[in-house]
Amino acid sequence: SNFHFWVNYPFNILPSNSNEMAQFQEVMRQQLESSMHAELEKLLGTAKGAKAEVSKKDFEGFRKLFHRFLQVKGPSVEWSKINRPPEDSIQPYDKIKAKGLPDNIADSLNKLVVVKLNGGLGTSMGCKGPKSLISVRNENTFLDLTVKQIEHLNKTYNADVPLVLMNSFNTDEDTKKILQKYTHHRVKIHTFNQSRYPRINKESLLPVAKDMAMTGENADVWYPPGHGDIYASFYNSGLLEQLIAEGKEYIFVSNIDNLGATVDLYILNHLVSQPNGKRCEFIMEVTDKTRADVKGGTLIQYDGKLRLLEIAQVPKAHVDEFKSVSKFKIFNTNNLWISLSAIKRLQEQNAMDMEIIVNPKTLDGDLNVIQLETAVGAAIKCFDNALGINVPRSRFLPVKTTSDLLLVMSNLYSLEAGSLTMSERREFPTTPHVKLGSSFTKVQEYLTRFESIPDMLELDHLTVSGDVTFGKHVSLKGTVIIIANHGDRIDIPAGSMLENKIVSGNLRILDH
């Protein structure tokens, strides 16, 4: 079919008459778009009741995204146009902090809404259900810690900071059930749902879904389109308008699994103390790159605007340069402070412009699909007076794996009012580098391998591979490497102190 021909046609090899080719491409694009339009209408025909209205809005957003996807050719940045951001566009945190705090902190807090991105499942850590419901510390889940932090703020300053959760169709039901347990906490909790978009067959560029159902054979044909969807879905939900009417001015957005993303009163004060015309509409917290962060998005100057550059947008020839710690020194923590009225304005003007991330997936039965996504930080170029603030690393503490979980469960951190802070007893502020092998990937299995979490205050590096368990009160210092070969098992005895040791095979302990 023409589709296959069109989809697989190498765009960069144009026929001699490039005019004709351009016309041909335009015709094919229009055909694809009308086929997509027809398929979406068919799908909408199967939606029932109130869901039909929601799906209709979702599909409007999807159509815009698909339209832009068909227009885009090649990487979305020209490497030669990339410049380092001007000095004053990324401020050091200390400079923001030096301004101090106003007398009435409650006034600023009452203009703030905390938004947590809660669309993700715990599958990468072997858990069912929303990731935010995984226990992180003393039986507290990510969600518990968030609620405790905000409740603490509200009580301390007699303020009214609401919590908003952006759920996805994957997490909404389970999250809402659990929210009942916070009814007597001093924090108002709202939720809204991310859009539900259809995954696209890579060959035909048409939806895989047969109808609007989400179960059975339709279980994996839908996806939530990345956190860049926050602007449209927040606006469409009506919650944005409601919060503006309540006098709220800014949202603080972060990933629910970033335990460092607490409300920072100095950054908030910087926002609300600017004169009205100079108000900063968007702050991105960035932090210094280490070798572990080579893939994180970075801020650049491009066409005279601050812009987020993600690894997916970098031409292949420049990926190593992008990863270098010397050229791009900072990365985006995804802790963002954004003006509510600016979101409203940009949504109404249809002026939100975020680069499209094409995410390829393979479904059961080896069906290749693509899903079109956007990133919340990519909209920075649309806002006025956008600013980067270079914050301490402690504000970026994501828990993506059980190796991260081990750190936050250990005595490296102390927990107070829902916030984790690095223990004062640790002599250097960097976190140890922890790599747990595949026997530790799933939370349930990981928990059975530690009778108690080891003392890690003096640890620099830990690598564990194979069938290894830890007894109670083990202490790890310096560099510790524990490797059980296939078929071997290593049990670290209770009370052991391992300092700069390699343990291998059948528990032979060697100095290194």
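I began with the UniProt record, an unreviewed entry, whose "binding site" annotation covers Lys131, Gln194, Gly226, Asp257 and Lys400. I kept in mind that the model I looked these up in is predicted.

**Lys131.** I found Lys131 in the loop between S2 and strand S3 (135-137). Its relative accessible area is 9%, under the 20% cut-off, so I noted Lys131 as buried. Leaving aside neighbours within four places in sequence, I listed the contacts of Lys131: Gly120, Leu121, Gly122, Met125 and Phe142, plus Asp257, Val399 and Lys400.

**Gln194.** Next I went to Gln194, which sits in the loop between S6 and strand S7 (197-198). Gln194 is buried too, with a relative accessible area of 9%. Not counting residues up to four places away in sequence, Gln194 touches, among others, Gly119, Met166, Asn167, Ser168, Gly226 and Asp229.

Then I traced the strands and got an open sheet of eight, ordered S1-S17-S11-S14-S10-S2-S5-S6, with mixed pairing. Which strands stand at the edges? They are S1 (90-92) and S6 (189-193); each has a single partner strand, so one side of each is left without a neighbour in the sheet. On average, neighbouring strands are turned by 25 degrees against each other, direction ignored.

**S2 and S5.** I followed S2 (residues 112-118) alongside S5 (residues 163-167): they pair in the parallel sense over five bridges. Lys116 stands opposite Leu165 in S5.

**Helices on the sheet.** I saw H6 (residues 142-157) lying across S2, S5 and S6, at about 155 degrees to S5. H7 (residues 172-179) also packs on the sheet, touching S2, S5 and S6, and its direction makes about 170 degrees with that of S6.

Definitions and conventions:
Residues numbered from 1 in each chain as written. Predicted model: local features only at pLDDT ≥ 70, side-chain atom pairs only at ≥ 80, totals over all residues. Heavy atoms only, no water. Pairing = 2+ DSSP bridges. Helix = DSSP H or I, 4+ residues; strand = E, 2+ residues; numbered from the N terminus. Axes fitted to C-alpha atoms, helices over the stretch in contact; angles between N-to-C directions. Contact = heavy atoms within 4.5 Å. UniProt positions renumbered as here; feature names shortened; annotations may be inferred. Buried < 20%, exposed > 50% of the residue type's maximum accessible area, 1.4 Å probe, protein only.
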